[in-house]
Amino acid sequence: MSELPKARIATASLAGCFGCHMAILDIDERLIELMKLVDVDRSPLTDKKRFTERCDIGIIEGGCCNEENVHVLQDFRRNCDVLIALGQCAIMGGLPAMRNAIMHSDAPLRECLDEAYITGRYIRNTTHNVPNDPALPLLLDEVYPCSQVVEIDYQIPGCAPSGDIIFDTLTKLLTGKFRGFEPEMIKFD
Amino acid sequence: MDNGQNGSNGVASPVCNVAPIPEAEIAAICAAHGNDQHRMLDILREVQDRYRCIAPSTMDMIAAETGLTRIEVEGVASFYSFLSLTPKGRITIRFCDDIVDRYCGLKDVVEAFEDVLGIKTGETSPDGEFSLEYTPCIGMCDQAPAVMINDVIVTGLTVETAQSTAEALKQGTSPEQLVSDRFKDLTPHERALRMVENNIRHAGEVLLGPVPEDAGLNKAAAMTPTQIITAVEESGLRGCGGAGFTTGRKWRFAASERAEKHYVICNADEGEPGTFKDRVLLTERPHLLIEGMTIAARAVGARHGILYLRGEYVYLRELLEQVLEERRRRNLLGKAILGIKNFDFDIRLQLGAGAYICGEEGALISSCEGLPGEPKTRPPFPVNRGYLGYPTVVNNVETFCHAARILDKGAKWFHDMGTEGSHGTKLFSVCGDCLNPGIYELPYGHSVWELLEMVGGGDAAAVQVGGPSGTMIARDSFHRKLTFDDLATGGAIIVFNGERNILEIVEYYMSFFVHESCGYCTPCRVGNVFLQKAIHKFRKGLANPEDVDYLKDLSATIIETSRCGLGMTSPNPILTTLQNFPLVYSVVTKPNKDRIRDTFDIQSAIDGARKIAKRRSYIFDKDFTQ
């Protein structure tokens, strides 16, 4: 093992809850084993905001709900050889994609923002405005799964995926032994 | 019946803005059909015809009369495209939106109607006089573009005739008067011919040549049921609707099933775009068809028959009713047919209401039972448990006609025609880019080239054999033979010349299947939408090589997991063109260099937010500072 050159990995959390990143920590003490195989480049875990060099694996949590998500995701695609969508939001849009269900409306985004900031029953917003700071990224018309924005190589399902499936998949990918998931690992009931 | 009461107080329902409908009238319509829930389609058709919509209050009334729940009635009413929950115009004009019609100038015809009537397609005029809408193939591809104006068909339209037709309607001419000033004096057959040309280009020996009256039935009357079935079996006759099941075997299965009743159903729901052979048989050989059904009834011991006529062919209803009535009078239908004790058989005409899926055997039976036209789970097969649970023979119009001729001329006569495995003759309905579109009755075994020579389609670049669910072939396959074993077809042959865009045709056919999927099973309901979107991507030039694999994988899944024949054949336009026109796909496919999807358009995705926030994107708008 030690003879192998270390792989570089990067991670990002887009429109997710950061739960999948917490799940990465659920690898627990095996993190030490994993760190023998990889160096972590751009990632919230290292607090590096930019790629320092090209990475072997990029891990994406969350789908795309705003323009910055798209920008980051495209950046990851350009800088990573293999891109993994981690968790249900990255794969399918997940909970944020509930707003895609506002159909049959002439202005679904407007309706969504109004309900979230102005008209919703449990809202206390004394300004009665939708936040609009110039630094805020623009929202997309709907929430997109990662695979609709860039090509995705692997998807690890779960909400959040277990530490086991993350560890197992990563170590197998890094050693070229990945042949698909064990059925027990993707059984959720 | 509170809703009905409210209605009579003059509070019109918000959905159906017509005069309140008296409960007594609805009750009378239901009573005319014996308050029978299995005649729901007839009841709803009549309500639709009379009140131009099926209002929520009427659904409650119908439910009460027939002993169903409101939601069951609504399930049927909302399934069929000729039934409407919102009011339609007094005159509803339906444009046949087939690809052939599009290539024959449909767009200009539609615009002419829209201009004169002052409404867009999909709208109803404010005074409630006119509705314009599109409908898939109405079986007039040999005389496209065609429209249905209420129950009247107008074919071969040009911009000029479309304008004059619309003007006449606007000035109060009735649809019937468009056909003839003496419409009332014409016989049903004359009326049909005034509206629609037969276009019989080549009459063969079996169906369209001279046919002696009831010769087959007379011979069958002297035979035992087993002898009849044996004769049909020995002739090698196979179903002419497309699937090609051996007719004799089907009859034998049904006959051997012990049951209180047996049924014989004729499938005259030819909805496959480009197919119109049954239209011509129904117009020119209705007696032969009924004769064939009567023979089948004798063979399997059925006393009841149903002739399921597609809603688009409603203009043939009177003609067929007249034929049935005449045969009843001549003791060729009814009790003790031809004086033979216990040979009782009668037929009712069941009209469809614009659903392609009802051409599928199980869906057709569902429709006859007054249910939404959804396919049934197989097995049990209809021959074991079909209409209302009784053994049922369902055959195509052409199959019954052939059977009657076989009984007259003998199995050997029929067996000697055609090729091994495909015996007898077949009606081909040819349309598209050829000089002589129409009906050709030919023995099985001709090559596509030979047929194209006959129809004047020598410059064909592609031929769709068997309609969208069949096979699209290129010139290098024109030597292939029209038989069950090589190129099977229910009769549709659509010719396309080199100027036609194959991907446009494929996308049209996929949108047809999306529209006509009954929605019961997910692979077909959702999968076809995905296929259509994927083809759209190819047309936009945004496809990668991997999208070809996606098309193949998704198609395989849909074929494997769909519940009925619609989903099992709906990917065919894609699969057969991928196989026979690979260059068409590869020329619009380009590899993706940075693996970022071209199909995702950030500009359109942020456009809404840009307008709401009233600012530009600091990431994606280059002139952000302005």
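1. Let's start with a term: two residues are in contact if their C-beta atoms, placed from the backbone, lie within 7 Å. Keep in mind as you read that this is a predicted model. With that rule, and not counting residues up to four places away in sequence, Asp598(B) touches Leu542(B) and Asn592(B).

2. Where does Asp598(B) sit? Its place is in the loop between α26 (582-586) and α27 (602-613) of chain B.

3. Is Asp598(B) buried, exposed or partly exposed? A residue needs 20 or more other C-beta atoms within 10 Å to be buried, and 12 or fewer to be exposed. Asp598(B) has 13 within 10 Å, so it is partly exposed.

4. Now turn to the open sheet in chain B. Its four strands follow the order β8-β7-β6-β9, with parallel pairing. The edges belong to β8 (346-351) and β9 (392-396); each has a single partner strand, so one side of each is left without a neighbour in the sheet. On average, neighbouring strands are turned by 20° against each other, direction ignored.

5. You can find Val264(B) and then look for its bridge partner in β7(B), which is Gly305(B).

6. Helix α16 (residues 317-329) of chain B lies across β7 and β8 of chain B, and runs at about 170° to β8(B).

7. Next, the largest nonpolar core, which has 173 residues. Which members touch the most others? They are Ile265(B), Leu289(B), Ala296(B) and Val300(B). The most residues come from helix α15 (residues 286-300) of chain B, which gives nine to this core. A second, separate core of 45 residues includes Leu86(A), Cys89(A), Ile91(A) and Ile165(A).

8. Leaving out residues up to four places away in sequence, Leu289(B) touches Cys266(B), Leu281(B), Leu282(B), Val397(B), Phe400(B) and Cys401(B).

9. Finally, see how the two chains meet. The contact takes 21 residues from chain A and 17 residues from chain B. Sorted by class, the side of chain B that touches chain A has ten nonpolar, five charged and two polar residues.

Definitions and conventions: Residues numbered from 1 in each chain as written. Chains lettered and ligands numbered in written order. Predicted model: local features only at pLDDT ≥ 70, side-chain atom pairs only at ≥ 80, totals over all residues. Core = buried A, V, L, I, M, F, W, Y, C linked by C-beta atoms within 7 Å. Helix = DSSP H or I, 4+ residues; strand = E, 2+ residues; numbered from the N terminus. Nonpolar A, V, L, I, M, F, W, Y, C, P; charged D, E, K, R; others polar. Pairing = 2+ DSSP bridges. Axes fitted to C-alpha atoms, helices over the stretch in contact; angles between N-to-C directions.
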